[in-house]
Structure formats: C-alpha cells, structure tokens
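Have a look at it first, then read on.

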Amino acid sequence: MKRPRGASGQSRRFLFLQGPHGPFFAALSRALRASGADCRRVGFNGGDRLFWRGRDTFIAYRGRPEDWPRTLDDLLVRHGITDVVLYGETRPVHAAAVGLARSRGLTVHIFEEGYLRPYWATYERDGANGRSRIVSLSIDEMRQALTRPAAVPPAPADRWGDMREHMVYGALYHGAVLLGPRPSVPTHRDQSVAREFRLHLRRLLLTPVHAAGRRLATDRIIGSGAPYHVALLQLEHDPTFRFWSPFGSMTGFIDTVTGAFAEGAPPHHHLVFKAHPLEDGRVPLLRVIRAAADRQALTGRVHFVRGGKLARLLEGARSAVTVNSTAAQQALWRGLPVKCFGTAVYAKPELVSGQPLTDFFAAPRPPDPDAYADFRRFLVETSQIGGGFYSLRGRARLLRHVVDMMLDPRDRYDRRVGEDAAASQQLRLVG
C-alpha cells in the first residue's frame with residue numbers, strides 16, 4: 001500500500017518581493033525549495049539583494065515606478081508564478097502586486113510583525129492589520145471556531161524581542177541601499193536612504209544610554225505614588241499608523257490625548273507617554289509632549305518614557321490609550337482599560353472602551369477578561385506563529401511551522417470559520 005505523502009511544493013512557484021530586514025526571506029526560500037518549490041526574488045535596491053542567495057533567482061527591478069505593474073505581470077506569466085510572498089502589504093510596490101496577483105487567482109502570502117509581540121510573527125493571506133480577517137470577526141464567531149480546550153494564555157513578554165538583531169539588520173539594510181545602485185522605485189518611507197541609515201545607526205549606538213534613561217524615568221513615575229495613565233506611542237512612519245489611523249501625525253494624537261486628559265482626569269492623576277521601542281528620533285517627541293502639556297497647563301503631570309520594556313509601567317497604570325499599537329495587548333492581558341482610536345485586530349467592544357476619551361480618563365471601563373482570553377487563543381490558532389524574523393533561534397522556530405502553512409491549499413481562517421469548519425464544529429457539539 002502506498003503511503004500518503006505530506007505537503008509538497010512541487011508545481012508551486014513562489015515570487016518573493018520585499019521582506020523584513022535580514023535573512024528571513026532567504027531562509028524561507030531555502031525551506032520552500034526543500035519541499036520541491038521554485039523560488040525567485042524581485043529586488044528594488046541593494047538592501048533587498050544583500051541577504052538573498054543565488055544570482056540566477058534574483059531579479060533586479062530598475063524600471064520606473066509606473067512601469068512596475070506591467071513588468072510584474074510579465075514576470076508572473078513568464079515564470080508561471082503561483083504564489084506571491086511579501087512583508088507589509090501597504091507598501092506601494094506591494095499594494096500593486098497584491099491587486100494584480102489576486103486578479104490572476106494567485107495566492108498572496110503576507111507576513112507582518114506579530115500581533116502578540118514579542119516572540120510571534122503574523123502570517124495571513126487575505127490581508128493584515130486593518131485588512132485582516134480578524135477585524136470583521138466578532139468574539140462570538142471566534143469562540144465558535146476555537147478547537148483547543150480552554151487554557152490560560154501565556155503572559156506577554158515585557159520587551160520587543162530580537163531588538164538588537166532588528167536594529168543591526170536595519171542599519172545593514174539601509175547601508176546596502178545607500179552603497180548600492182540608485183533605486184528607481186522610491187522607498188515607502190518619507191526619509192532619504194542616507195537619513196534612514198543614520199537614524200538606524202544612531203539608535204543602535206545610543207541603546208545603552210536610552211535604556212538607562214528609561215529605567216530612571218520609570219522609577220521616578222512609579223516612586224511618586226501618583227495614579228497614572230499610559231499613552232502608547234507608535235512610529236509615525238509605520239503603515240499601521242499611516243493607513244489605519246484617524247491622525248495625520250503623532251503630534252495630532254498627543255494633542256488629542258493631553259486635551260482630553262486635562263478635561264477629564266482627576267487633578268491628582270498623571271499621564272505617561274511611552275515611546276515605541278524602535279523610535280529613532282525623527283519626530284521630536286519630548287519637545288512635542290512638553291509643548292502640549294504647557295498648552296493644557298499640565299506641567300509636572302505629563303511624563304515621557306523612551307521605548308523598551310513596558311511591563312513595570314503597566315503594572316501600576318490605571319489605563320492605556322493608543323491608536324492601534326499591538327502593545328495594547330499587554331494592557332488587555334493585565335485587565336487594564338484600553339482606549340483605541342484606529343483600526344486594530346483587538347478593537348472589539350468586549351475588549352476596548354467605547355467611551356469618549358474625556359469620560360475614559362475620568363472612569364475607564366475595563367475589558368472582559370474571558371473575551372480577551374478567547375481572542376488571544378483564536379489568534380494563536382490562526383494568524384500567529386511562534387518565532388521571529390531577526391534572530392537565528394526565532395527564524396528556526398518560525399520556519400518549522402510556516403512552510404507547511406504556506407503549502408496548505410487552505411489557510412487557517414478557512415479551516416476555522418469556513419463552511420466546512422462550521423459544520424465540523426456543529427458535529428462536535430452534537431457528539
């Protein structure tokens with residue numbers, strides 16, 4: 001009797017576009033080739049070329065931005081591409097590729113940083129962040145789709161994870177872009193390549209100084225004994241802020257938060273703005289925050305803490321406010337009230353407060369802990385994979401699972417919330 005074969009990549013042809021900084025896409029392509037798949041890469045600059053192995057499988061795009069869709073269409077046909085792989089679907093070159101690939105019936109594999117950071121990566125097909133299938137699903141629908149027995153979700157770690165490797169690869173990537181051929185397609189960032197390189201290098205060199213300053217600031221806030229609320233800042237240039245936020249800048253968010261805090265919070269409460277762990281100084285946050293506090297007569301009650309570990313700050317906080325930062329999940333896990341302004345996968349009525357911000361600061365409503373536990377379990381069963389893009393150990397852990405998921409004709413959402421999954425769930429309930 002012939003033994004059944006496992007998932008095979010034979011007849012699958014993958015086209016990789018831009019990925020996370022570092023060697024993850026190269027390692028993923030090797031794993032897919034081991035399954036029998038063919039893998040090629042389109043690169044738009046020297047950073048894309050830096051970690052890819054194999055000159056015969058690297059396609060350097062040197063055309064004009066307006067010629068990219070036509071060139072991509074030709075590549076898809078010429079190489080018989082069946083799958084497109086990318087990181088960050090909102091980048092201009094990726095947005096065009098996603099639309100074209102789907103019009104041809106190809107599978108689009110989207111990677112993102114983990115919704116449950118750190119030590120998790122996000123893998124989806126229909127869209128990520130504001131376009132994720134999770135956004136349209138209710139907590140009740142997620143509960144019906146759960147297959148594992150109820151368990152207490154693991155506590156979120158209190159740091160970013162792979163931070164040093166992330167910064168090193170970021171500096172190497174932008175250095176390679178700077179030294180390589182001039183890119184014909186503009187970067188998705190609003191800074192020049194030279195400035196991006198300097199910002200990455202500066203952040204890497206100042207890491208010990210910033211860590212010491214963060215610890216001192218956190219100690220002062222906690223040691224003061226004053227009740228405080230935490231505003232979780234994000235990178236202004238990050239797609240989750242740019243595309244899924246009602247604010248045009250981080251300054252607008254800071255002004256909104258300080259204004260509502262001045263009006264609604266008790267006069268003995270304090271407000272702490274916590275920077276993103278990868279904040280590189282391109283926005284003068286401290287100056288902006290001080291100016292906003294002065295305008296609202298909040299001097300002495302508003303504080304700034306640089307990025308990094310968040311757990312100690314959240315342990316004593318009364319609430320957390322954000323646009324759509326994934327760090328809010330650390331607050332939700334701790335049962336803290338959360339106010340969310342943007343489109344986020346966790347923005348469910350059972351989890352985040354629907355109060356006006358002024359009322360929220362006066363008397364914030366906490367999340368439903370059972371709903372958050374089920375939400376977190378659903379993420380782990382669908383879009384979240386243990387591991388990461390930047391460290392060797394994180395990549396190995398991620399690759400052990402993601403290759404089979406990519407080769408599966410159906411993604412995990414279809415297997416959980418599709419018609420067949422619903423029928424299977426009903427049979428389990430009856431049985």
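Helices (H or I, at least four residues) and strands (E, at least two) are DSSP runs, numbered from the N terminus. This is a predicted model: local features need pLDDT of at least 70, side-chain atom pairs count only at pLDDT 80 or more, and totals for chains, interfaces and linings use all residues. Residues are numbered from 1 along each chain as its sequence is written, and side-chain values use heavy atoms, with hydrogens and water left out.

Q: Is Thr322 buried or exposed?
A: Thr322 is found in strand β10, residues 320-322. Buried means under 20% relative accessible area, exposed over 50%, and partly exposed in between (1.4 Å probe, protein chains only). Thr322 has a relative accessible area of 0%, so the word for it is buried.

Q: How far apart in space are Thr322 and Leu233, C-alpha to C-alpha?
A: Along the sequence, Thr322 and Leu233 are 89 residues apart. In space, C-alpha to C-alpha, the separation is 6.6 Å.

Q: Is Gly354 buried or exposed?
A: You'll find Gly354 in the loop between β11 (338-340) and α15 (357-362). Arg365 is eleven residues away in sequence, and the two C-alpha atoms are 8.7 Å apart. With a relative accessible area of 71%, Gly354 is therefore exposed.

Q: Are Asn129 and Ser132 buried or exposed?
A: Ser132 also has its place in the loop between β6 and α5. Asn129 has 15% relative accessibility, so Asn129 counts as buried. Ser132 comes in at 4%, so for Ser132 too the word is buried.

Q: What distance separates the C-alpha atoms of Ser132 and Val345?
A: Ser132 and Val345 sit 213 residues apart along the chain. Their C-alpha atoms are separated by 7.3 Å.

Q: Is Ala297, with its positive phi, buried or exposed?
A: Ala297 has a phi of about 55° although it is not a glycine. Its place is in the loop between α12 (285-295) and β9 (302-305). The relative accessible area of Ala297 is 67%, so Ala297 is exposed.

Q: How are α3 and α4 oriented to each other?
A: The axes of α3 (residues 68-78) and α4 (residues 92-103) come within 10 Å and cross at roughly 45°. Axes are lines fitted to C-alpha atoms, for helices over the stretch in contact, and angles run from 0 to 180 degrees between N-to-C directions. Angles under 35 degrees count as roughly parallel, over 145 as roughly antiparallel, 65 to 115 as roughly perpendicular and the rest as oblique. The label for α3 and α4 is therefore oblique.

Q: At what angle do the axes of α1 and α17 cross?
A: Helix α17 covers residues 392-407, and its axis comes within 10 Å of the axis of α1, at a crossing angle of roughly 50°. That makes α1 oblique to α17. To repeat the angle, it is roughly 50°.

Q: What distance separates the C-alpha atoms of Gly394 and Phe24?
A: Gly394 has its place in helix α17, and at 11% relative accessibility Gly394 counts as buried. Phe24 is 370 residues away along the chain, and the C-alpha separation is 9.8 Å.
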